[in-house]
Amino acid sequence: MSSDLVRLHLKISINFAILPDVEPDENAIKIKDVRSYVIKSEENEKLQGSSAYYHKQVEGHWIDGTDQWPIANPMSLYQKYKSRRNSWGIGALGSVIVEIELTNGINGVGISIGGQPACYLIEYHFRRFLIGEDPLNIEYIWDMMWRSSINYGRKGLTIQAISAIDLALWDCAGKLRNEPVYKLLGGKTKNSLPCYATCYNPLAAKNLGFKGAKFPLPYGPADGDHGLIKNIQRIKDIRFSVGNDFPLMIDCYMSLTVPYTLKLLELIQPYNIKWLEEALPPDQYNGYSQIKKENRTTCLLTCGEHEYTRWGFKLLLDNYCVDILQPDVTWAGGLTECRRIVALASAYDIPIVPHGSSIYSYHLQYAFPNLPMSEFLLLSPNGDSISPIFGQLFHDEPLPINGWITLDTYKSGFGVTLNKTNLFRPYFNQNRTK
Ligand SMILES: [Mg+2]
C-alpha cells in the first residue's frame, strides 16, 4: 500500500469509526412505555381553551381574527379565507401530548402540535428508539430520532413530534433527579422572568402588569394602500391608548413582502414600535437579510417561530436576518435542540425571546442569560384576562403575577401535572415498531 493510501485509510478510520450500541447500565431505570395522545374531540379541545396549540379556540376568539380586526397571514390574499385563520385550517392538526412511563413508575410529559399524524410518527416510528432505553441518554435518543427521519422530516411535523418526546424525556430526567429541569441545564441565571403579553388589547395587558404587549397586524399587501392606512391607524390608536413609554410589538405572521415591510417600518417609526415580528415566510432568508440591511428605523426585527433545529437557526444567524430569534421550544426540536440554538445565538450576540410554550420555555429561560423576556399569550376569548396558555391540559401551569413568572424551586421536572380527563390515544400497536 502506498503511503498516500495509508494516510487516507487512517483519516477514514478516525472520522467514521462505528460506535458500539449504547446499553443502559445494569441497574438503570428504563423507559417502559411511550403513549401519545390527542384531545378526545375537536369540540373538547376548543372548550378546554387550546391545550397544546393556541389556535383551537371557540368561534369568535380574537386569535382567529375578528370582523373588526382580521389578522394578516399567508392566506390573506385569498378573499374567502382572509377574515378567519381557522377557515383555512390553521388549527387543523391540533395538539399532541406524549407521556413516557419509566420502570419505576415515574411519568414525564411533553407536548407539541401535530395531532393524530404526530401520534402516528411517535407510535410507529420513534417508539423503537425509546422502549428499554435509559431515559437520561437524551442526546443519544434525539440523534437517533433525527437521523432516522431525515428522509422525510427535517422541519415541521416531524420535528414537532420529536420535540414532544424530547420534552417528556427532560421531564422524566428532572423527576428522576428530583430537581426542576432548569437545574439540570446548569442552574438559574434569573429569579423571575419579565413577561410581555401577546393580545388583542394592549391596554388590558398594561393594566394586568405586563412589561409590554404585542398585537397582530390586521392587513397585508393584498389589501393595498387602503389596508396599509388602516394598519397605521390601528397602530396609532394603540400607541395613544397605552401612552408613549409602554413597549409595543407587532406580529405580521409571515404575511408581508420585502417592499411592504420596508414601507411599514418607515410609517410606524413615529409610534415607537419595539419590534416587527415574522414579516416574511420563513424560507425567505434573503428577504429578511435585505430588510435588516435597509431598515433605517429604530424598530427591531424578529422571527424564528416557524424555524426548526440548529441548522435552520444557523441560516438565520449566518445571513444576519433579524435582531432577535424566537424559537418555539415545543416545535423547534425540544429542549435538547433549543439549548444548541441558544448557544449558537450567543456567539452572534443575538438574544432569544422564545415563542410561547409556557413552562417548556420558562425553564430554558431560567438557565441561560441570553433569553431576557417571556411571551405570555392572553388567550381568554376577549383577550383581557390571564388564563393558562395550555388551557386545562395541566392542573398547575404557573401564571404571571404583575407581569412576572416565577418557577417553584421545589417542583421537579417541568413542575406540572397532566390532566388526562379528555385525552385519547389514537394509535396503539406494539407490533408495528419494526
Ligand atoms: Mg408570532
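## Domains and their contact

In this predicted model, the domain assignment divides the chain into domain 1, made of residues 31–56, 91–178 and 420–424, and domain 2, which covers residues 184–405. The centres of domain 1 and domain 2, taken over C-alpha atoms, are separated by 25 Å, and the contact draws on 25 residues from domain 1 and 20 residues from domain 2.

On the side of domain 1 that touches domain 2, β3, α4 (138–148) and α5 each supply at least two residues, and the largest share, 11 residues, comes from α5. By class, the residues on this side of domain 1 comprise 12 nonpolar, 9 polar and 4 charged.

## The open sheet

An open sheet is formed by 4 strands, whose order is β3-β2-β1-β12 and whose pairing is antiparallel. The edge strands, each of which pairs on one side only, are β3 (107–113) and β12 (423–424). Strand β1 (residues 31–39) runs antiparallel to β12 and is joined to β12 by 2 bridges; V38 has F424 in β12 as its bridge partner.

Two helices that pack on the sheet complete this part of the description. Helix α3 (residues 115–124) touches β1, β2 (95–102) and β3, and the direction of α3 makes about 165 degrees with that of β1. Helix α5 (residues 157–177) packs on the sheet through β2 and β3, and the direction of α5 makes about 155 degrees with that of β3.

## The pair α4 and α5

Helix α5, which touches β2 and β3 of the sheet, also meets α4, and the axes of α4 and α5 come within 11 Å and cross at roughly 170 degrees. Because angles over 145 degrees count as roughly antiparallel, α4 and α5 are therefore described as roughly antiparallel to each other.

In this contact, α4 contributes I138, I141, W142, M145 and W146, which meet I162, I165, D166, L169, W170 and A173 in α5. The contact of α4 with α5 has 10 nonpolar residues, no polar residues and 1 charged residue.

## The pair α9 and α10

Divided by class, the contact of α9 with α10 has 3 nonpolar, 3 polar and 1 charged residues, whereas the contact of α4 with α5 has no polar residues.

Technical notes
Residues are numbered from 1 along each chain as its sequence is written. This is a predicted model: local features need pLDDT of at least 70, side-chain atom pairs count only at pLDDT 80 or more; totals for chains, interfaces and linings use all residues. Two strands pair if DSSP finds at least two bridges between them. Two residues are in contact if their C-beta atoms, placed from the backbone, lie within 7 Å. Axes are lines fitted to C-alpha atoms, for helices over the stretch in contact, and angles run from 0 to 180 degrees between N-to-C directions. Domain bounds come from an automatic or database domain assignment. Ala, Val, Leu, Ile, Met, Phe, Trp, Tyr, Cys and Pro count as nonpolar, Asp, Glu, Lys and Arg as charged, and the others, Gly among them, as polar. Angles under 35 degrees count as roughly parallel, over 145 as roughly antiparallel, 65 to 115 as roughly perpendicular and the rest as oblique.
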